[in-house]
Amino acid sequence: MEKIVNLCKRRGFIFPSAEIYGGFRSTYDYGPLGALMLRNVKEAWWLSMVQLRDDVVGLDAAILSSPRIWEASGHLKNFTDPLVECRKCHERSRADKIDGKCPACGSEDLTEAKRFNLMFKTHAGPVEDEGAVAYLRPETAQGMFVNFAAVLNTSRKKPPFGIAQMGKSFRNEITPQNFVFRTREFEQMEMEFFVPPEESPKWYEYWCNERFQWYVDLGIAKDRLRLRPHSAEELSHYSSGTSDVEFLFPWGWDELEGIANRTDYDLLAHTAVSGEPLEFFDQATSVRYVPHVIEPAAGATRTMMAFLIDAYEEDEVAGERRVVLRLDPRLAPYKVAVLPLSKHVDLVPVAREVLAKLQPLFMCELDVTQSIGRRYRRQDEIGTPWCVTVDFETLSDRAVTVRDRDTTEQVRVGIDGLVAELAGRYRG
Ligand code: ATP
């Protein structure tokens, strides 16, 4: 874990936020490589959940939201964690995550658990009174429920169909922990799949399998992944069945994503508070019903961290130790590094020409300084799948060397065929 945190900081994946001011309450900023990788994680999700399907549409709802949404959803009342304080050292903890002892000093003298609401409250507009209260959304899901009728009326979809959204969510976590595993500001990728009530068990199974497979397809080792059904006591108040996709983190198994059968809980709750009927009228059969909902809810930032942990390896190349991130090329921040063998005035312009050919298709990096061996190591360490080296022979044969990150194998490829060669490798 420490190695990952160091690598993230040293190479520009993830920095502690506001570090020049000593950091700020477990918040993090995504640096040049982290911003690229996080986009890639989200794009891989969007591709599989929206683009490659004809039964899911996208949404991008407001983060700043009406208290009525959270009143209806039950968050104002129920979205709480049990907070205890140690009477000895005043450390605050989540009662359900500790073993009756203060995790800081080991004292058992703790206060009674208080219910602490996790939503960030603010005011919309210049007057800070009750009428102006707004909340930062603690999940993206409610955006899909409150827009259900609007999407139904505008998209020509009918159940079974889904609405997908990814973006920031905010929870005032009592104890943010484990780097970006649990933070107060994070990104989610959620989809609400609306189905005829009698079909919900079938779709629940379907989405559990689909979502598990998504992580496998993007390269996470199968023995580090599991699907764990919740026990009856664990189930949320709205759920008739939930399974978590869990990853074997350095501290043990923990959640990447929850797939829940939310029944008709949310649509009925919003109908009751808003007075707007959120239902589906099937013109073919003249049947009116409130769809049930299957929700796969994943965390983008947490998932990115799991991909990093899973990809991290140390091995040896020609007797030299190297760190290599064996990331799936779709997730790697840079797909190709273009490396002129030296800074020689004849080589750099050709390297730039090669770069310009590749850039419309791939996120690339041009790196000209240090020995070629050192530059290969740098690229291995950030997971770049292919390095393209321009050398003096290139000036006469118009060919470059393509080096593979995982095998370190090098082959000579003509510049004219380079885009096709790399596109072929990228598609796998
Ligand atoms: P927990 O019980 O761990 O607090 P949860 O089960 O309430 O979390 P969900 O509401 O199901 O989490 O959220 C869906 C997904 O969003 C989680 O599986 C996780 O990937 C992500 N997520 C939730 N809270 C956080 C957080 N504080 N930081 C980072 N990711 C989060």
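A disulfide is defined here as a pair of cysteine sulfur atoms within 2.5 Å. The model is predicted: local features need pLDDT of at least 70, side-chain atom pairs count only at pLDDT 80 or more, and totals for chains, interfaces and linings use all residues. Residues are numbered from 1 along each chain as its sequence is written, and side-chain values use heavy atoms, with hydrogens and water left out.

A search of the whole structure returns 0 disulfides. Cys105 is in none; its nearest cysteine sulfur, that of Cys86, is 3.7 Å away. The sulfur of Cys364 is 11 Å from the closest cysteine sulfur, in Cys387, which is too far for a bond. Burial was classed by relative accessible area: buried is under 20%, exposed is over 50%, and partly exposed is in between (1.4 Å probe, protein chains only). Cys105, at 36%, is partly exposed. Cys364, at 8%, is buried.

Salt bridges were counted where a side-chain nitrogen of Lys or Arg is within 4 Å of a carboxyl oxygen of Asp or Glu. The structure holds 41 of them. Helices (H or I, at least four residues) and strands (E, at least two) are DSSP runs, numbered from the N terminus.

Asp109 sits in the loop between strands E6 (92–94) and E7 (114–117), and Arg87 in the loop between strand E5 (80–85) and E6, so the pair ties together parts 22 residues apart in sequence. Asp109 is partly exposed at 38%. Arg87 is also partly exposed, at 47%.

In the salt bridge of Arg224 with Asp310, the closest N and O atoms are 2.5 Å apart. This pair links distant parts of the chain, 86 residues apart: Arg224 is in the loop between helix H7 (200–217) and strand E12 (225–229), Asp310 in helix H9 (residues 300–311). Arg224 is partly exposed at 30%, whereas Asp310 is buried at 13%.

Arg262 and Glu295 meet in a salt bridge at 2.8 Å, N to O. Arg262 belongs to strand E14 (residues 252–263) and Glu295 to strand E17 (residues 292–299), so this contact ties together parts 33 residues apart in sequence. Both residues, Arg262 and Glu295, are buried. Elsewhere, salt bridges that share partners join Glu313, Asp315, Glu320, Arg322, Arg326, Arg377, Asp380, Arg403, Arg405 and Asp406 into one network.
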